[in-house]
Amino acid sequence: MVKTPDFKQLAPDEAGKRPYALYRDCYAYYAQNYTHLNSSFIYTISSLMNLMTFDASENVHLINERLLMMAEKTADTFYSTEKTYSNATGIKDR
C-alpha cells in the first residue's frame, strides 16, 4: 500500500515555499497551531485520489434551501465557490 508523506512533518521553511496560499495556511492551521497528537496527513494514494476528485458542487442543484457562501476573490478556491453557486439551481431565492 503506497502512502503519501505526512504534511505535518514538513519543516516550516519548506511549507513557506509552497506556491499556493491555501497550502501554507493549511500547514499553519493544522500542522502548527491546532494540531492533534493522533492526527496525521498521511493518506493512501487511492484514498487521496478519491478526496481530490470529489466535487461537492455536483449535486448542489438538489438543495432547495437558501445557500450562504462566502469567498474572497483572491482565495485559491474561489473558482469552486463560483461553480457551486452557479449550480445551485434548485434555490428560488438565492
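**Terms and their grounds**

Guide: Lys 17 counts as exposed, with a relative accessibility of 58%. All of this rests on a predicted model.

Visitor: What makes Lys 17 count as exposed?

Guide: The term exposed applies over 50% relative accessible area. Lys 17 has 58%, so the residue counts as exposed.

Visitor: Why is Glu 14 called partly exposed?

Guide: The relative accessible area of Glu 14 is 32%. Buried means under 20% and exposed means over 50%, with partly exposed in between; therefore Glu 14 is partly exposed.

Visitor: How do you know that Glu 14 forms a salt bridge with Lys 17?

Guide: The closest N and O atoms of Glu 14 and Lys 17 are 3.2 Å apart. A salt bridge requires a side-chain nitrogen of Lys or Arg within 4 Å of a carboxyl oxygen of Asp or Glu, so the pair of Glu 14 and Lys 17 qualifies. By this rule the count is 2 salt bridges.

Visitor: What makes the contact of Asp 55 and Lys 83 a salt bridge?

Guide: The N to O distance between the side chains of Asp 55 and Lys 83 is 2.5 Å. The cut-off is 4 Å, so this pair meets the criterion. The pair links distant parts of the chain, 28 residues apart: Asp 55 lies in the loop between helix 3 and helix 4 (78-87), and Lys 83 in helix 4.

Visitor: Why is the aromatic pair of Phe 7 and Tyr 27 called edge-to-face?

Guide: The structure holds 6 aromatic pairs. In the pair of Phe 7 and Tyr 27, the centres are 5.5 Å apart and the planes stand at 85°. Centres within 6.5 Å make a pair and planes over 60 degrees apart make it edge-to-face, so both conditions hold for Phe 7 and Tyr 27. This pair also links distant parts of the chain, with Phe 7 in the segment before helix 1 (12-15) and Tyr 27 in helix 2 (residues 21-33), 20 residues apart. Both Phe 7 and Tyr 27 are buried.

Visitor: What makes the pair of Tyr 29 and Tyr 30 edge-to-face?

Guide: Their ring centres are 4.8 Å apart and their planes are at 75°, so the pair is edge-to-face. Tyr 29 is partly exposed at 42% relative accessible area, and Tyr 30 is partly exposed at 43%. One aromatic cluster is formed by Phe 7, Tyr 27, Tyr 29, Tyr 30, Tyr 34 and Phe 41.

Visitor: How many helices and strands does the protein chain have?

Guide: The protein chain has 4 helices and 0 strands, and from the N terminus on its elements run α-α-α-α.

Visitor: Why is the protein chain called more spread out than a compact globule?

Guide: The radius of gyration of the protein chain is 17 Å, whereas the globule rule gives 12 Å for 94 residues. The value is well over that of the rule, so the chain is more spread out than a compact globule. Along the principal axes, the C-alpha atoms fill a box of roughly 50 × 30 × 25 Å. Buried residues make up 18% of the 94 residues.

Notes. Residues numbered from 1 in each chain as written. Predicted model: local features only at pLDDT ≥ 70, side-chain atom pairs only at ≥ 80, totals over all residues. Heavy atoms only, no water. Buried < 20%, exposed > 50% of the residue type's maximum accessible area, 1.4 Å probe, protein only. Helix = DSSP H or I, 4+ residues; strand = E, 2+ residues; numbered from the N terminus. Phe/Tyr/Trp six-rings, centres within 6.5 Å; stacked < 30°, edge-to-face > 60°. Rg over C-alpha atoms; globule rule 2.2 N^0.38 Å.
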